[in-house]
Amino acid sequence: GDDGLISIAERNFTELKSLVLSKNKIKDKGVIVLAQGKLNNLTHLDLGSNEIGNDGVIAFAQGNLVNLTELYLDKNNIGDQGAIALGQGNLVNLTRLDLDSNSIGDQGARALAQGNSVNLLTLYLQSNKITDEGAIALAPGNLVNLEKLYLNSNQIGDDGAIALAQMIPAKSLTINLSYNKVGAIGKNSYEKRKNKSVTIYF
């Protein structure tokens, strides 16, 4: 829980590179202390399946963990405000960000797309509350280095699929849009796309 995390954060583990604390009932209190702690050489942090909300993520995005390259926050209680903080925060070295199974909607998706995470290679946003509006915002955003984008199990329809099919990645991009609301129009538009560097799974 929080007390255990606070104990770790306050110790002098300055050489620690990887920390896995999934399924530990960690809340905002613990994450706030972790963000301001001494673990600023961490590159891999897994906080999935906890009870972290927006306040914890806001502190986290503004904290000392600027060397993180992989951050797992799946299955928590993070909404748009948390995603906005991550987009505007100082975690600019992230290459993998997992926000699967939270409560992030279109505002959060837009903030991530327009934010500082330009080095992201893999972004997990499945099982959130993203609609066409969020998908359309993701398409022309700053995430030009993305190689894998998981948007399955959201509320994205034809318009979102059409926009995503027109993304221009630096290399190649695979998008998972399964279990959304994409119909024949969206799928046909994808099949006729000119940019073959984008692959979408419906």
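What is the relative accessibility of K75? K75 has a relative accessibility of 41%, and on that value counts as partly exposed; buried means under 20% relative accessible area, exposed means over 50%, and partly exposed lies in between (1.4 Å probe, protein chains only).

The views below show a predicted model, in which local features need pLDDT of at least 70 and side-chain atom pairs count only at pLDDT 80 or more, while totals for chains, interfaces and linings use all residues. Residues are numbered from 1 along each chain as its sequence is written, and side-chain values use heavy atoms, with hydrogens and water left out.

**View A. The salt bridges around K75.** The structure holds four salt bridges, a salt bridge being a side-chain nitrogen of Lys or Arg within 4 Å of a carboxyl oxygen of Asp or Glu. K75 forms one of them with D74, at 3.8 Å from N to O. D74 is buried, at 11% relative accessible area. K75 also meets D100 in a salt bridge, here at 3.5 Å from N to O. This second pair links distant parts of the chain, 25 residues apart: K75 is in the loop between β3 (70-72) and α4 (80-88), and D100 is in the loop between β4 (96-98) and α5 (106-113). Helices are DSSP runs of H or I with at least four residues, strands are runs of E with at least two, and both are numbered from the N terminus. D100 has a relative accessible area of 10% and is therefore buried. Through shared partners, the salt bridges join D74, K75 and D100 into one network.

**View B. The salt bridge between K27 and E51.** The side chains of K27 and E51 form a salt bridge, with 3.1 Å from N to O. K27 is in the loop between β1 (18-20) and α2, and E51 is in the loop between β2 (44-46) and α3 (54-61), so the pair ties together parts 24 residues apart in sequence. K27 is partly exposed at 40% relative accessibility. E51 is partly exposed as well, with a relative accessible area of 34%.

**View C. Packing of α1 on α2.** Helix α1 (residues 2-10) packs on helix α2 (residues 28-35) with the axes 8 Å apart and an angle of about 5°. Axes are lines fitted to C-alpha atoms, for helices over the stretch in contact, and angles run from 0 to 180 degrees between N-to-C directions. The two helices, α1 and α2, are therefore roughly parallel to each other; angles under 35 degrees count as roughly parallel, over 145 as roughly antiparallel, 65 to 115 as roughly perpendicular and the rest as oblique. From α1, the contact takes in D2, D3, L5, I6, A9 and E10, and from α2 it takes in K29, G30, V31, V33 and L34 (contact means heavy atoms within 4.5 Å). These residues divide into six nonpolar, one polar and four charged. Ala, Val, Leu, Ile, Met, Phe, Trp, Tyr, Cys and Pro count as nonpolar, Asp, Glu, Lys and Arg as charged, and the others, Gly among them, as polar.

**View D. Helix α3 and its neighbours.** G56, V57, A59, F60 and A61 are buried in α3. The buried residues of α3 pack against α2, β2, β3 and α4. The axes of α3 and α4 come within 8 Å and cross at roughly 5°, so α3 and α4 are roughly parallel to each other. On the α3 side N54, V57, I58 and A61 meet Q81, G82, A85 and L86 of α4. The contact of α3 with α4 has five nonpolar residues, three polar and no charged.

**View E. The aromatic pairs.** The structure holds two aromatic pairs. Y124 and Y150 have ring centres 4.6 Å apart and planes at 5°, so this pair is stacked. Rings of Phe, Tyr and Trp (its six-membered ring) pair if their centres lie within 6.5 Å; planes under 30 degrees apart count as stacked, over 60 as edge-to-face and the rest as tilted. Y124 in strand β5 (residues 122-124) and Y150 in strand β6 (residues 148-150) are 26 residues apart, and the pair links distant parts of the chain. Y124 is buried at 16% relative accessibility, whereas Y150 is partly exposed at 24% relative accessible area. Y190 and F202 form an edge-to-face pair, with 5.5 Å centre to centre and 75° between the planes. Y190 lies in helix α8 (residues 184-191) and F202 in the segment after β8 (198-201), so the pair ties together parts twelve residues apart in sequence. Y190 counts as buried at 7% relative accessibility, and F202 as partly exposed at 33%.
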